[in-house]
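Please keep the sequence and the coordinates at hand while reading.

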Amino acid sequence: MNSYPRFAFFWLFVLSVHLLQAVERKECIFQPTVLVHGGAGNIADAKIPIAKRGVKRAARRGYVTLQDTGSVLDAVEHAVNSLEEDGNFNAGYGSVLNWEGEVEMDAAIMHGAQLEAGCVSLVQDIMHPITLARRIMETTRHRYLAGAGAMQIAKAEGIDILPKGALVTEAALKSLEDFKASQNKTRDSVLFGSPGTVGAVAIDACGNVAAATSTGGITGKLPGRIGDSPVLGAGTYADNETGAISATGHGETIMRYNVASRILALVQYGNYTIQQATEQVLQQMTDRFDETAGIIAIDHRGQLGIHFTSRRMSWAYQRGEELHFGVDAGEDQLEIVGEPRTLNLT
């Protein structure tokens with residue numbers, strides 16, 4: 001008489017295990033992808049090959065990391081590290097200068113599973129602000145630190161502090177000189193120095209997403225200026241329920257229009273694809289403010305969004321053996337890279 005309930009319980013337990021495994025298998029159906037951008041703006045024709053090479057290398061590095069560690073957070077951090085080390089991009093070593101001729105950098109990183117994030121501003125003399133942003137997320141009770149407080153965390157975490165001025169490049173000095181000279185001639189909105197910002201978004205097989213953005217800001221900015229990149233919901237955001245976004249372009253406008261949040265809201269509540277949402281929000285922003293921007297995004301379904309209202313934006317992504325990249329509107333070049341084996345892309 002008592003054996004039947006035990007027998008039923010046993011089979012109920014077995015069924016529950018199989019159902020749980022089925023759910024897990026169903027969730028882990030996405031193609032791991034790492035998508036990066038190297039900034040939106042007026043990229044000169046002569047610099048297009050350099051920009052493409054840099055974003056391809058970054059996407060490849062992020063994808064190899066994702067394959068090796070399984071962590072989307074590692075993937076976006078390492079992809080952005082690659083761009084921070086490249087003097088051709090406006091982040092880390094390639095950062096533009098403020099009015100006083102100094103480098104002040106911003107960055108943010110976010111994981112979509114638990115909405116954990118780390119943000120940092122007014123960072124000086126370190127190569128990888130995105131890594132400092134992650135350390136703030138993981139080792140402090142805060143999510144956003146700036147200036148001296150952020151630098152204290154960098155020292156405590158053993159992040160290399162470079163000699164003062166080590167990040168200042170000849171190109172950045174020339175851009176600041178040109179910017180100051182232009183102030184007596186025109187009020188037109190002209191970008192001096194490397195365009196935009198750098199960033200990465202990624203998704204793993206189980207649908208976990210992450211985003212990271214790093215920038216030197218804009219040439220000739222006032223000391224202490226902070227743009228959209230480290231502001232969650234403006235230039236950076238990641239949520240497993242909607243997607244991950246990294247923005248580039250005119251920071252004050254992206255921040256005022258809360259671009260990332262608007263895009264993900266259309267995905268969540270408006271039944272838009274991530275590409276449709278990206279195109280609509282950026283066009284509305286550009287129409288309203290007469291300023292431009294670019295977006296890379298991955299939604300919770302693994303679909304990609306790549307769009308910019310600026311003249312150009314360098315971007316690349318790897319999914320499986322396919323490495324896609326472009327700079328001009330409508331461009332989508334493809335290389336087959338095979339299994340992870342080299343980061344020395346041409």
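The text below starts with the confidence of the model and then takes up its strands and helices.

This is a predicted model, in which local features need pLDDT of at least 70 and side-chain atom pairs count only at pLDDT 80 or more, while totals for chains, interfaces and linings use all residues. Residues are numbered from 1 along each chain as its sequence is written, and side-chain values use heavy atoms, with hydrogens and water left out. The pLDDT (the predictor's confidence in each residue, from 0 to 100) averages 90 over the chain, and 86% of the residues score at least 70. Over residues 7-12 the pLDDT is below 50, and this stretch has zero contacts (heavy atoms within 4.5 Å) beyond near neighbours in sequence. Where pLDDT is low, the predicted coordinates should not be read in detail.

Helices (H or I, at least four residues) and strands (E, at least two) are DSSP runs, numbered from the N terminus. Two strands pair if DSSP finds at least two bridges between them. Strand β5 pairs antiparallel with β1 over five bridges, with valine 34 opposite alanine 202 in β5. β5 also pairs antiparallel with β6, over six bridges; there isoleucine 203 has valine 209 in β6 as its bridge partner. β5 and β6 form a hairpin with five residues between them, and glycine 207 in the turn has a positive phi of about 90°. Six of the six residues of β5 are buried (under 20% relative accessible area, with a 1.4 Å probe and protein chains only). Val198, Ala200 and Ala202 point one way from the strand, and Gly199, Val201 and Ile203 the other way.

Helix α3 (residues 72-84) has twelve of its 13 residues buried, so the rest of the structure largely encloses it. Its buried residues pack against β1, α2, β2, α4, β5 and β6. At the start of α3, a side-chain oxygen of serine 71 comes to within 3.3 Å of the backbone nitrogen of leucine 73.

A further, open sheet has four strands in the order β7-β8-β9-β10, with antiparallel pairing. β7 and β10 stand at the edges with a single partner strand each, so one side of each lacks a neighbour in the sheet. Five bridges join β9 to β10, and isoleucine 296 stands opposite isoleucine 306 in β10. Helix α8 (residues 259-269) packs on this sheet, touching β7, β8 and β9. Helix α9 (residues 274-289) lies across β9 and β10.

Methods: Axes fitted to C-alpha atoms, helices over the stretch in contact; angles between N-to-C directions. Buried < 20%, exposed > 50% of the residue type's maximum accessible area, 1.4 Å probe, protein only. Polar contact = N/O pair within 3.5 Å; in protein donor to acceptor, adjacent residues only side chain to side chain.
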